[in-house]
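Me: Please take me through the terms used for this structure and the values behind them.

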Amino acid sequence: MTATRPATDRPGETILDHLLTVLAAPAELLSDPDGQVRSEGAQGFYVGDTRYCNRLEIGVDGVDLRFAAAGLDGAGRAWFEGELPGVQVRRERRIADRTAVEEITLHNSASAPVDLRLVLLARSDMSATPVVKSGAPLTEVPPTVHGSEIRWSRGDVAASLTSAPPPGEIGTDGPDAVLTWPLCLAPGERWMLHITLAPSQAGPEDFRPAAPLEWRLDENAAGGERASLVRRSLADLEGLLLADPIDPADRFAAAGSPWFCTLFGRDSLWTARMMLPLSTELAGGTLRVLARRQGQVSNPRGEEEPGKIIHEFRPNGLQAGGLDLPPSYYGTVDATPLWCCLLHDAWRAGLPEAEVAALLPHLEAALGWIKRTAGDYGFLSYRRTSGSGLANQGWKDSPGAVRWADGTIAAQPLALCEVQGYAYAAARGGAALLAAFDRPGADEWAQWADRLAALFRATYWIDDLDGRYPAIALDGHGRAVTGPASNMAHLLTTGILDADEAQLVADRLARPDLDGGRGLRTLSSTNGGYDPLTYHRGSVWPHDTAIAVLGLAGIGRHGIARSLGEGLVAAARDFDDRLPELYAEIDGEAVSYPTACRPQAWAAAGALAVVSYLDAGVVPAWATPQ
């Protein structure tokens, strides 16, 4: 496992990096590595945006029982083994259908009878997941006893704990439910306890558990030296799949566990895009789920606009950590062009034409939003319209993520370089779709893309002591923000660069200030604001590295692509092949970022894309500029 150091930009947030996660979205259970769910930090049983249980500890005669061995079976099952004098203990956990099930087996392997008393302590705070994340003080919910069942409730949310066989004794001790089973085990006897945790019924807008997808995985990737990373990443993606309550046949990948176990436009789109060689079905479902929630009106509080693709959906909104977001929040500048790109890419990859045709009105609405926002001779930029929304609205969405070379924060509104690349690809792909399906506007969108590329070429390029490279963004005064960053790597797949410019970007990515040996740094180590233990100012994000790897492969720069890809795979080994949302690279070592989600959908998809390239030579069509 990796070393851990405190994050320098997230004081007070709840840490995750030492926890073991078992999940089948929208349910997940986080525990200490020994299987005990202790009443501290992020541990607990979550469904959607609520933590229904934050303690589930077993002991014998009141003594804490620690387990010496543990393992994961896919994403939704785990096991833990321990031993008392003469008694072997096995704890098996599974998550399915919005419930958590524990099976505890005691085996008397001694030659004499054993008397013991098994004790279970359970607790709940019924807290909203974003509030748990923020580290804010929480209030426990007192348990109530109903026969042999424990219940908790707060407002319209409730949970229950049942067991078979029922406990010999049941009661409460302050915030804890206390269940005990007095036992006498004969020599060789096995005794099993079955525990079920169940939440409130799903609301009409809550996302549902999803049926599995079939993946077309290349045999060389599935059976190569990195097969463990492939299996782990596929299992985690399957664990993160959610279904749309409007049409459960449409599935998408929730962004990550536990903070983002819901629909995120950008994350879900990138995940589906990187998985296109393995499945067009995920892309089709993701496109339709987002199309159903496409912006219809102008609403400054939610930053909704007609044609705009949603950033995130939470039935109860989000009120924590300085944010106050409505259930449907549209504060993203890149999800709309990425939706257009995915529709085009999925069509090229074989998404049935009838499915594509049904989405063309949504494509036209999305293209309309792009044109209204950028104009004929402008760029896609953002400035939040709600004081309680996200300050930065590209994928690097933390405060202060966009900085000048000296570390100064760039002034808004900001026009990120990669977003212009996405817009160019959206316009070109949109033009191709409109022409293929005999709809008007194809020529106009091709011309719009040409104008954007020419304007980008004249505006974004910087030539300074760091070399020649595209600026991370234009600031609020229209100035190209100096200082190399990973954003430029995303341009390689879009076609907005000519062949010579793409080679310059490749050369710049290869330098050690960006490629530190464990993936691509989000910000150059030469930047005055560089700090690898921050969210976006020098950390490594697996999906970001994967996009760079595929883009480099797409322009034929395989040496640099393999260097970055091998670095990512090496980091994955440090995380037991379960890549987190992000991590730090310090002195050639992968260092855990303590609040990072793990698993994270686009990290898992990025790992699969990189291994497919390294072991099977798979480069998705979208990664090769047109």
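Predicted model: local features only at pLDDT ≥ 70, side-chain atom pairs only at ≥ 80, totals over all residues.

Reply: Residues are numbered from 1 along each chain as its sequence is written, and side-chain values use heavy atoms, with hydrogens and water left out.

Me: Why are α12 and α13 called roughly antiparallel?

Reply: Helix α12 (residues 542-554) and helix α13 (residues 558-574) pack at about 155 degrees, with axes 8 Å apart. Angles under 35 degrees count as roughly parallel, over 145 as roughly antiparallel, 65 to 115 as roughly perpendicular and the rest as oblique. The pair is therefore roughly antiparallel.

Me: Which residues of α12 and α13 meet?

Reply: With contact meaning heavy atoms within 4.5 Å, P542, T545, A548, V549, L552 and A553 in α12 meet H558, I560, A561, L564, G565 and L568 in α13.

Me: What makes α4 mostly covered?

Reply: Buried means under 20% relative accessible area, exposed over 50% and partly exposed in between, with a 1.4 Å probe and protein chains only. In helix α4 (residues 265-274), ten of ten residues are buried, including R266, D267 and W270.

Me: How do you know that β4 and β5 pair?

Reply: Two strands pair if DSSP finds at least two bridges between them. β4 (residues 44-47) and β5 (residues 50-53) have three, in the antiparallel sense. V47 stands opposite T50 in β5.

Key
Axes fitted to C-alpha atoms, helices over the stretch in contact; angles between N-to-C directions. Helix = DSSP H or I, 4+ residues; strand = E, 2+ residues; numbered from the N terminus.
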